[in-house]
Amino acid sequence: MTESTTAPGPAPAETGLRSRLAALWQDGIMRPVRAVRAAYVPLLMVYFAYGALGIIDVSRDMWVKESLSLSPAELAGVAVWLSLPWTIKMVFGQLVDGVAIFGSRRRAYVLIGAGFTGTGLIILAGAAGGWFRLLPADDAYVLGAVAIVLGAVIQDVVADAMSSEVVDRVDESGQPRPDADIRTDLAMVQVLGRLALGIGILSVAGLSGWLAHHFSREHVFLFGLAIPLISITGVMFARGETGEGQPLDWRILGGGLAFGTFVVGTALLRVPFAQELVFVVSMAVVLTMLHMVTRDVEPKTRQAIIFASIIIFAFRATPGVGDGYFWWTLDVLKFDEAFYGILRQTSAIIAIGAMWLFSRQLTEYSVTTVLFWIAVAGTILSLPNIGLFYGLANWTEATFGFGARTIAVVDAATTSPFADLAMIPMLTLIAYYAPDGQRATWFALMASLMNLALVAGQLQTKYLNHIFTVNRGHYGELGDLLITATVIGFVVPVAVILLLRKRV
């Protein structure tokens, strides 16, 4: 007998490792790349431009601290007003769905949005450069910020509608596509949109700090004028506009305009508790309009959407700390513009990597599962911020040789993906049920509800900053503020998720 000369096969452990690496390559790294279609590119450029607008962020934040007189509580109040245009998206949604401008219900509105954004940037540049003798810098900041927000809202309405329209509901022969395929494609469009947004943020994250360090605030705001051109370029190359327009629903359009007038009047007349009053009225208006739009939706589906919306609302309606913590890091930890550019760049890289690698899970896992673990992990990973205030950096410096900046980088890297990961399942659900001809309105109403959650969070931030007084150079109560905001941000969403998860 002769001995066999056949080479031994790979060990089981080696085979298993190869299989896992192949699965990671196919389901993680290559999945988003394979999903890109030419029809998606204009939509993705709009999202990219929105993220790239962060080129002004560091300069704006530094300018607010250096040149304006607004306190953290007042800035939180301004943030409430800046959030409100997002709550009347139904007006823009109705216009985009029903009013064509020169025959266009997509390109024209992207151009209008870019015009508002450019106007806002010019106002900020003028305020920083002292162009306006009769307009105080504080007021110019609010006016410019409102214009930028309006531009973002208009373009976001168009992008939302396009994110549902670019996915074909029928195949080449005109037959309906399988429901599972439609859902998967819609989910992937949302993932790609968030990736485009993240790549836009990443592309300017480090640059924003470098520009803030080397150029005047005025010049950086003027540099930002290049960003609206990106969305304009993208939409110019869009294929023929899809979807049929619908007649205006005057109940929604009129109600939205009346609501907008109410909001502006309340602000100008300085009505007591104006922000709280507007929030309550906003909730009533948005919920009423959602009831009208979803009247024909199947009851079981409608119930699932309602409970999922409640969970997302609770998740997003959590308080922040406000600008006081940012000011403390500048004054006490001596963080500077360049370092904040590094932090934003690190956060953007990790966010993109997480969405890219977990694209499969994001398109398949339930809303409640994603949000529960994000709430838990987000709370745990926010603890280093509290530790920094109480001297954690001193201990780590003495024991391990690294200090506050390393902790801040690691914390930014680990917490950065959560906001984007949380929204993808809900956006997919909204896209799937968007009715033909009213997709912009549908998205606008659902987004209004989600943005009202952010308004609720901003109101809580304002209240906490009144309870725990923090101001420039006075940070004694910042620790209590950090702890309170963190506890609320964990307890509320987790309790709601556990209560309602079986109903979604």
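Which helix is the place of Leu-392? The close-up views below, taken from a predicted model, start with that residue.

View 1. Leu-392 belongs to helix α18, which covers residues 392–399. With a relative accessibility of 27%, Leu-392 is classed as partly exposed, because that class begins where the buried class, under 20%, ends and the exposed class lies over 50%. Setting aside residues within four places in sequence, Leu-392 has contacts with Pro-384, Gly-387 and Ile-407. Gly-403 is 11 residues away from Leu-392 in sequence, and their C-alpha atoms are 8.3 Å apart in space.

**View 2. The whole protein, for orientation.** The secondary structure consists of 22 helices and 0 strands. The protein has 504 residues, of which 52% count as buried. Taking contacts between residues at least 6 apart in sequence, 84% join residues at least 24 apart.

**View 3. Leu-478 in the largest nonpolar core.** The largest nonpolar core holds 133 residues, and Tyr-141 and Leu-478 touch the most other members of it. Beyond its neighbours within four places in sequence, Leu-478 is in contact with Val-321, Gly-324, Tyr-325, Trp-328, Phe-389 and Val-470. In soluble globular proteins, nonpolar side chains tend to be buried together.

**View 4. Packing of helices α6 and α7.** Helix α6 spans residues 107–129 and helix α7 spans residues 137–165. The axes of α6 and α7 lie 7 Å apart, at an angle of about 160°. This angle is over 145 degrees, so α6 is roughly antiparallel to α7. The crossing of α6 with α7 is left-handed. Sorted by class, the residues in this contact are 19 nonpolar, 6 polar and no charged.

**View 5. Thr-117 within α6.** Thr-117 is located in helix α6. Its relative accessible area is 8%, so Thr-117 is buried. Not counting residues up to four places away in sequence, Thr-117 touches Leu-53, Ala-147, Ile-148, Gly-151, Ala-152 and Pro-228.

View 6. The buried residues of α5 are Lys-89, Met-90, Val-91, Phe-92, Gly-93, Gln-94, Val-96 and Asp-97.

**View 7. Contact between α5 and α7.** The axes of α5 and α7 are 10 Å apart and form an angle of about 50°. The two helices, α5 and α7, are therefore oblique to each other. Their crossing is right-handed. On the α5 side, Lys-89, Phe-92, Gly-93 and Val-96 take part, and they meet Leu-150, Val-153, Ile-154, Asp-156, Val-157, Val-158 and Asp-160 of α7. By class, this contact of α5 with α7 has 7 nonpolar, 1 polar and 3 charged residues.

**View 8. Contact between α3 and α14.** Helix α3 (residues 57–67) and helix α14 (residues 323–331) cross at roughly 85°, and their axes come within 12 Å. The angle falls in the range of 65 to 115 degrees, so α3 and α14 are roughly perpendicular to each other. Asp-61, Met-62 and Lys-65 form the α3 side of the contact, while Phe-326, Trp-327, Leu-330 and Asp-331 form the α14 side. These residues divide into 4 nonpolar, no polar and 3 charged.

How values were computed
Residues are numbered from 1 along each chain as its sequence is written. This is a predicted model: local features need pLDDT of at least 70, side-chain atom pairs count only at pLDDT 80 or more; totals for chains, interfaces and linings use all residues. Side-chain values use heavy atoms; hydrogens and water are left out. A nonpolar core is a set of buried Ala, Val, Leu, Ile, Met, Phe, Trp, Tyr and Cys residues joined through side-chain atoms within 4.5 Å. Buried means under 20% relative accessible area, exposed over 50%, partly exposed in between (1.4 Å probe, protein chains only). Contact means heavy atoms within 4.5 Å. Axes are lines fitted to C-alpha atoms, for helices over the stretch in contact, and angles run from 0 to 180 degrees between N-to-C directions. Helices (H or I, at least four residues) and strands (E, at least two) are DSSP runs, numbered from the N terminus. Angles under 35 degrees count as roughly parallel, over 145 as roughly antiparallel, 65 to 115 as roughly perpendicular and the rest as oblique. A crossing is left-handed if the near helix is turned anticlockwise from the far one by less than a right angle, and right-handed if clockwise. Ala, Val, Leu, Ile, Met, Phe, Trp, Tyr, Cys and Pro count as nonpolar, Asp, Glu, Lys and Arg as charged, and the others, Gly among them, as polar.
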